[in-house]
Every structure is written in C-alpha cells, then in structure tokens.
Amino acid sequence: MDSVIDIRGLGLTFERDGRRTEVLRGLDLAIPRGAFVAIVGASGVGKSTLLRVLIGLAKASAGQVSLATRSAARQPVALVFQDSRLLPWRRVVDTVAFGLEGSGLPKAERRARAVEALRIVGLAELASRWPYQLSGGQRQRVSLARALAVEPEVLLMDEPFSALDAISREGLQDELTRIWQQTGKTILFVTHDIEEATYLADRVVVLAGSPGRAVIDRTIDTPRPRRRDDAADAGLIADIRRHLGKVG
Ligand SMILES: Nc1ncnc2c1ncn2[C@@H]1O[C@H](COP(=O)(O)OP(=O)(O)O)[C@@H](O)[C@H]1O
Ligand SMILES: [Mg+2]
C-alpha cells in the first residue's frame, strides 16, 4: 500500500513538574495517499496531540511516524486550526502568501501561488480584503487557502469547522469535499462530530480511552456525491457513540 503517513506503535507521555500524563499508547495508523480519513474522539483524548506529532510540534515518546513525500522540495504536511489565525494587519492575499516566506520563492511567485490557492477555495475576488471584512466561513476558507498554498502532500485539519454556524459549516464541508476531489490531497480531519466524520470521510478512526488508542477503524463506502438526507450507517454511528460513552 502506498501510505503517505505510517504511524507505528506511537506513544506520547507528557511530563511536567514530575507528573506524567500518558496521552497516546500503541497507536498504529497507515494512511494511503489520497485518502480522506476522519479521526473522531472526545475532548482530551489526544487528537490535537496526534496532529502536533505529525507536523513536528510534539515529540513521540515511543514508536515511529513516517511521512512519505514525493518531492524533497515539498512540505509534507500543513495544518488548519479551529480558529482561522489570520493576521489583522495583512490583506487576505498576503496572509495566504505568508506561509511561503522563507520558501526561497520569488515574491511574484509567492503571490501567484496565493492567488491560485484563493481561487481553489472560491475566494479569488476577496484577495485584497482585510480579515475584519470577512465572515467566519470566509476566514476558514482563507486559512484553508493558506494551507493549500504551500502545496503539502497532506492536509491536517483540527476541528476546522466546529466554531462555525451550521449553515457555514455545511457549505465548508461540501467545499472541502470538492477541493479534495479536485486536488487529490490526502486529508486527515479531526472532529468530535460523528455526523461530520461519516458525511465527509472514506474512513473513520475513533480514538478513545486514556491513554487514547484506536478503538474503531472503519471504511465508509457511501457513494459520492453524498446527500445529507441519505441515512448514514446507523450501526456504525451507534458503535461510535458507544465508544465515546454517549447514550443513544
Ligand atoms: N503540552 C502539554 N503538556 C501536558 N499535557 C498536555 C499538553 N498538551 C496536551 N496535554 C494533555 O493531553 C491530553 C490530550 O490533549 P489534546 O491532544 O489537546 O486532546 P484533544 O485534541 O483530543 O481534545 C489532555 O489531557 C491535555 O490536557
Ligand atoms: Mg484538540
């Protein structure tokens, strides 16, 4: 299998002031190139920590993580957060180009890449706006464009739509599906929303327990384009809820 991410026996323990918190233990996860995988889990189970390990912000205490990149010049992963983290003093296009500073690309090329990323997320016409002139959904699209501009192999998304109102959230979910299909990116999407996970992804991995481990790893083969009114796999949803300790 052509895995773009291969996680084996990942463990992570935080140590502070002599206190140890074991967050992840024995996590195995292989993500094939081009997959759309959702990671679901309750708050505090270690989802963000897992993404931080993948992007190099946290260090594994055990196991191995390998990221297979096609080109040495390319950034393997880019992360989109729950809050858009835009820079108030930069116009949209300059915010998107910001991640390319230090890339060695000439300024004109950085700008061209930023414009192209904004086009992909459908915001080309807002390139010269300031962040305060954008809605919450538009801000998240800018932060998605900023991640796409570095042309990563894998997009890591940490509950990217959970701060949005329901209508914006559904719009962004469909937009992301379209972008995934158009660009062929690999997406690792963290959410605590079971419906969001099963609507978006090809595969759902559930993290549960303390330390967190993968308790469910299932393929979602609902054909695309998907419709929201299609009944999702009720058995799977019930299984996930049971593991998350929810009733019903
Ligand atoms: N830098 C850190 N030092 C100590 N504990 C941490 C640190 N970062 C996260 N944790 C703890 O690790 C656990 C998992 O956190 P996190 O990965 O943010 O969970 P999630 O994203 O699933 O809500 C939590 O108990 C959190 O308090
Ligand atoms: Mg988190």
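In the predicted model, helix α1 makes the greatest contribution to the shell around ligand 1, supplying three residues; helices (H or I, at least four residues) and strands (E, at least two) are DSSP runs numbered from the N terminus. The shell consists of Phe14, Arg16, Thr21, Val23, Gly41, Ser43, Gly44, Val45, Gly46, Lys47, Ser48 and Thr49, a residue being counted if its C-beta atom, placed from the backbone, lies within 6 Å of the ligand. Two or more of these residues come from each of β1 (3–16), β2 (19–32) and α1 (47–55). By class, the shell comprises three nonpolar, seven polar and two charged residues, where Ala, Val, Leu, Ile, Met, Phe, Trp, Tyr, Cys and Pro count as nonpolar, Asp, Glu, Lys and Arg as charged, and the others, Gly among them, as polar.

Residues are numbered from 1 along each chain as its sequence is written, with chains lettered from A and ligands numbered from 1 in the order in which they are written. As the model is predicted, local features need pLDDT of at least 70 and side-chain atom pairs count only at pLDDT 80 or more, whereas totals for chains, interfaces and linings use all residues.

The domain assignment, automatic or taken from a database, divides the protein chain into domain 1 (1–76 + 153–164 + 177–248) and domain 2 (83–151). Their centres, taken over C-alpha atoms, are separated by 25 Å. Eight residues from domain 1 and nine residues from domain 2 take part in the contact, which requires C-beta atoms, placed from the backbone, within 7 Å.

Beyond its neighbours within four places in sequence, Val37 contacts Ile31, Leu188, Phe189, Ala201, Asp202, Arg203 and Val205.

Arg203 has Thr219 as its bridge partner in β9. Strands β8 (residues 203–208) and β9 (residues 213–219) pair in the antiparallel sense over six bridges, pairing being assigned if DSSP finds at least two bridges. In this hairpin, with four residues between the strands, Gly209 adopts a positive phi near 95°.

Key
Contact = placed C-beta atoms within 7 Å.
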